[in-house]
Amino acid sequence: MLGGLLWLAVGCGPAAEPTVADGAPAALDAGWISQVVTAPASFTALVDRTGREGWVLLHQGRLTQAARAFPDGPGRARIALEQAWLSQDLAWLAAEAWPRLADAWVARDPAIAQGPLPALAAASLLATGAPVDLSALPADDQAWLAAIPAATAGQAPPADLRGPDVDGCVAAAIAMLGGSADDLPPACAADAPLRLDTAGSFYDPLRFAARAAAAGRQAQRGSGSDGDSDPLALLLFGPWWAPADLDAARQDPAGLGAAPAMDGPTLRALALPEAGAEDLPQAARERVRALDRALDDWERAQAQAADPDGAALLTDLALVPQARGRVLLSWARQALAQDRPHQATAYLMLAHDVEQARELGPRNPPSLFALAALAALRTGRTREALDHLDPLLAEHPEVRALAETIGDLAVLEGMDRQGDSKEN
Amino acid sequence: MTRAVAWGGRLVLVAIALAWALSLLAGYDPVADVAPARASLLPGPGGPLGTDHMGRSVAWRLLTATQAFVGPGLLASLVALAVGLPGGALAGYLGGPVALGVRYAWTVVGALPRLVLVLLACSIYGAEAQVLAVAAGVSFGPALGEAVEARLAELRGREFVLATRAHGVSAARTLAWHLLWVGCRALVLRQLLFLLAFVLVLETSLSYIGGFGIEEPTPSWGNMLAFEFGVHDGNPWAWAAPALATWLGTAAAIGVASTLRERGRG
Amino acid sequence: MAEPWIRLEGLRVVAGDGADARVLVDGAGLALAPGEVLALVGASGSGKTQTVRACLGLVQARPGVVAGALEVHDGARTWRPYQGEPAVRRAAWRALRGRVLGWLPQEARASLDPLRRIGAQVREVLELRRRDGLPLAADRRDAADWLAVAGLPEPGRVAGLYPHELSGGMAQRACLALALARGSRFLLADEPTTGLDPTVQRALLDQLGALRGEGCGLLLVTHDLGVVARLADAILVMDGGAVVERLAGGSLHQATSAPARALVQATLRQGEARP
Amino acid sequence: MHPRPLPSPALLLLPLLGLPALGLGMAWADELRYAEDQAPAIVNPLFATTMSEARVHELIFEGLYTDDKDLATRPDLAESAQLSEDRREMTILLRSDATWHDGRPVTADDVVFTIRAMKDAATASTEQGRVDWIESATAVDPTSVRLRFVRPEARPEDKLFFKILPAHAFEGATVKRTDPFRSRPIGSGPFRLESFNEDGSIRMGRYEEHRDRAGLGTVTMREVSDKNYQAKLLMYESLEALVRVLPRDLAVLQANRKVELYPYQTNSWWYLGFNLERKPFDDARVRGAISRMIDVEALLAPIGTGDTLTGPFVRSSPFYNHKVAPYVADEAAAAALLQEAGYTRSGDSWTKGGKPLTLRVSAHKSLESAQEVVINLQSQLQGQGIPVTVDFLDEAAWRSAIWRQQDYDLILSQWSFDRNEDVREQFHSQGSRNFTGYQSAEADRLLDLARDSLDPQEKKQALRDLHARVHDDMPMVFLWTLDSYSAMAVDVRNVVIHPFYFFTWATDWSMQ
């Protein structure tokens, strides 16, 4: 009996797990979390100075509301960065969904090739900088499509840009891409389909790329105007762990507005296992587990070393889980860029806070859902991509347009299939 | 110590009886009480024992749950008496071939473990409380009867029985009054208290497991426990109270039973 | 001498059957009139107790009474409880036990219900008496009164005791109280003084003697010849289950039968210490 | 009164005697033990009605085609196929290395037998709808089958996922629920059924001869009906997998570093289905009144987070009609409808012709959180004058009462759909899962249009119209969809879960 109890006590205790290299926590110590935890006053001062409500909303992942809440200044620039990243992720998603829809539909019904769909699909790809062969398209379409890469390269679009199937919204989006406008006209901002003279309802395929470009510029301007401000404003709740990571990102030719990939010095110091070139989710999970081991120990140490206010911030704001989520998000982005969508799915699953599965939150930033939808599309789970987009709709109603497009794709892909249903 | 157990146990049994009477009079409606808006309140804001995760009063459910076993317990007692007493009395008083026949019948019933017998009955006749009670009573009948028989076999040859008869008391009255009532009542009561504890534990277990005992929304200490078990951020009293009540009720019945002594036996 | 109310003839009591059968009483008989004291003497195992129990229908051995005739007159009619259908027999015993035939048992403590207080037991007997319509003096309505009559000190306290709390003498007096309270016409006393100390014995015998004065018939089983000598109007000597000699008067000294003489001898050898 | 089924005494004893033993079972090194709330009563894919059955079938049986990890159709028992010019005929060549668990080769006769048995009305297969489109099947030679279709088919292989049964395991040409096959199934999948145990567990061992040898040696399905224990058994390593985690256990499992969560969102929704063939529920006014007495948000609150619904699709579905406004709890409107239907309120109840309006709600015993919902519902309706009695049915009683006899007033249940969200079987007047008895020419037309349309936007619109239609006709009160996850010990490696069938890629799984 006693033996059994002892066995139970031992069996249920925390098992000893190998920890990462000894030098690793030191690298983590250089990060903004340590700064907040050891000197909470600097955090409070920054937040109060730049707009507390905006930071709260940013922490909650509610970017649209945060953008409205922040006054001009570092907060506004910061939120523009976040919006640029999210829009970039959604633009990639659009560039995945549109061509797939066009291909699938044309394969089923060649007549659709005569309509606007192929051109719209090409536009979505061009907006992300992907090379597209336009030669098969009607000449009219080729003309306005050519304006997209030109705009992203900095050339102003022709004033009379108008294709037979394209109304003002697409033109406005191209203008926005090229930097000659910062927002779409009000008529285009809603989730209304394009006014096309053929049957079917299609949406603006350029919207997210245009918004990404505009927000990126806005962020650049913002950080320029307040250039020597507290670096914490850029790091707080953000994708970079430490100032060194931020500096590394600044070296990136695409600038801060490009979707951040987290391969800065801090993570390199952790010497985590690589996920490998093959798209094996198991390797991704091993990598996350190694990260968790490092972070779990480090978080405990932080909580002990912290000032009481700092410790409260650490747990109340879930700083470490949130930062971990940001790391996984950037890994997922990387995996998607390198065509390892199953690994990306694994990273995103592990980042997802299932307690509030269908809500934005500190651990569920909007990009998580956008990237999950992209990974789902890439792995053939078109229907599931819609599930991932659903939580974004309340905060970002314009995503409805993308959801409708992906919905059409899902319907098309399932058209020959036969549904199965069961109880429970 | 024994006195403390006896009195403490009696107190608990009286409390259960009072709770039962109160619940019968009050007519608490477990269905109407549902209110998710006041789910899992702690004692105080949510009444004396708080509320469960459907917002129902734990205190009222705890009281009402006595109906799940007190009534069946009493019914089981009646059945056990009906099964055990006549046989035990006849076998003990008459002895001889009657006793042999009665003992044979008991051996047949007693060959099945009590639990098996009850579950078997529930599976054949349905899991209603009455079936459970009757089966529990039947399963306890032989034990009761054997105890009575042994006591009567001991008493019937005693001089005082002859003396009583010689005074002109009829055989029936001698048996009913002098032997059974005076001679066996404590013994029978003890058996019945064991039976009550058995019914309580049985009902609670079956309702906990679900499917055989009392089904929600009718409260039983067992299904209250099952319903709240594992609820995160629940009201701890919502499961602790029925668990404690089950434990106290069983301990009280067994405690009182084991401290019961006939006055007058040295 | 009045006409006997109790007549027992040809009693034969057997225990066991077949090869195990033992004859306990073989052809015993007796007759007893109101106000008469009949002593039943004999060695142990001579059948005295069984004979007395047979008069009350309380033979426990099986098959028990196999032959014999008992006639009991209750002042109004004569009952023959050994004859007729079971229903008739039950009616006879119902009429006789307690009302006509009272019993003072041998082992006093064992004859009291161990689980009930003395007072309650007396009250029950009084209730039986009331049911039979036997008169009750106004000052003897209560259990304690009868315990006092039986010579128990502190009758109120004793009424609240359980049998195991009584000494042997007190138990015997309690039994006497029960017997007296019952108010039977006859009292069949089975060795009532056995195991009591001499003073208690004397007091008890005085009580019994007083009963005779009230017209109560007494069947006294004993081997105390002193008691016999003091009380008996007639003596029956039993041996081997049969009545071997009947002596009128209270002295055994004129007895002729061998068993009677043996009894006398035995008593003499013990030294005639008793009164 | 309906007859009460008699569970075997041994089964009755099990919960009492077997509970402590549950936690003590030791696993083989390469054994995966997973928990289901309710074990399948039989193992025969022709009679599958529940997800737990579908999951077991996935391990033991194979279809002609299946999903690859990117959910594209790939041949499974088929090797290759040729579609005729008119797209009405397909000749499938079977792979030569597929064998049944008894060693016999999988042949064209097996495929023909399975399709004929499914089509045979005498079989009463619950999967009959999945072969409606096949006109006939003939064996050309032992390894090739010719299928003829009712209509031209664009990609028939996408519909050939149903499981194939061995013809030699059955007598004659028919299949019955009661065939001994139910407990001694022979499949061709990566696992074969080793034992169908008294305690409801099913043990499946690796089929060593399978062309695609599985990484796991044994998969054991254990019935753990006390859902309070499932998460604990996983954490204390008495199980390796839970197929569906209770919402309330999610937080603790996510925090546990020895457990990984996998989203397992079958497109599921809960509903309260009326029996339209029984009075007075044939009266739309009565259904409307009851619908308006129910506060769905309040029903959902105690059981977890999810989205309430207005129709037979999940909110994120392309078919969900967001323009349909939910019924709101409105006692006055409900009363008006009942009065219109001829009921009068007297005291605590509604009566018509002296008969009070009562409801018997049936729910499956293993439906998680059903207890809370039903208790809540009972309270809501009783407060408005409709007394509700509740029946929790076990597997056998459920099949007989709901699937065969249509003997119920109102059921609380849940449908799960694969990614196609095909509700035809549930709402078409000819649908094999339409046990509410819903009949609507308009719904039939919309469902036919959705099936036959080649324009995705037209199909989308047809089903959105259907959503509005069934919301108006109210054969069911649509409740909600819940988030669902499965959980697995981190020791189980290379896990990729099929979004519906779960075990489709289980051959790749292994234990560390």
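Reader: Let's start with A:Glu404: with which residue does it form a salt bridge, and how far apart are the closest N and O atoms?

Author: Happy to! The general idea is a Lys or Arg side-chain nitrogen within 4 Å of a carboxyl oxygen of Asp or Glu. In this predicted model, A:Glu404 pairs with D:Arg464, and their closest N and O atoms are 3.1 Å apart.

Reader: How many salt bridges are there between chain A and chain D?

Author: The count is 16 salt bridges. Polar contacts between the two chains come to 39 residue pairs, with both residues at pLDDT 80 or more. On the chain A side, the elements giving two or more residues include α22 (399-414), α16 (281-305) and β1 (421-423).

Reader: And how should I read the area buried between chain A and chain D?

Author: Interface size is often given as the accessible area lost when the parts come together. Here that is about 5,600 Å², with carbon and sulfur atoms giving 45%. In chain A, the residues losing the most area to chain D are A:Lys422, A:Glu423 and A:Asn424, together 16% of what that side buries. The contact draws 50 residues from chain A and 80 residues from chain D.

Reader: Which residues touch the most other members of the largest nonpolar core?

Author: Nonpolar side chains tend to be buried together in soluble globular proteins. This core has 204 residues, and A:Ile33, A:Leu236 and D:Trp480 are among those touching the most other members. Helix α7 (residues 74-108) of chain A gives the most to this core, with 14 residues.

Reader: What does A:Leu236 touch, beyond its neighbours up to four places away in sequence?

Author: Its contacts include A:Trp32, A:Phe43, A:Trp55 and A:Arg78.

Notes
Residues are numbered from 1 along each chain as its sequence is written. Chains are lettered from A and ligands numbered from 1 in the order in which they are written. This is a predicted model: local features need pLDDT of at least 70, side-chain atom pairs count only at pLDDT 80 or more; totals for chains, interfaces and linings use all residues. Side-chain values use heavy atoms; hydrogens and water are left out. A nonpolar core is a set of buried Ala, Val, Leu, Ile, Met, Phe, Trp, Tyr and Cys residues joined through side-chain atoms within 4.5 Å. Buried means under 20% relative accessible area, exposed over 50%, partly exposed in between (1.4 Å probe, protein chains only). Helices (H or I, at least four residues) and strands (E, at least two) are DSSP runs, numbered from the N terminus. Contact means heavy atoms within 4.5 Å. Buried area is the accessible area (1.4 Å probe) that two parts lose on being put together, summed over both. A polar contact is a pair of N or O atoms within 3.5 Å; within protein, one must be able to donate a hydrogen and the other to accept it, and residues adjacent in sequence count only if both atoms are side-chain atoms.
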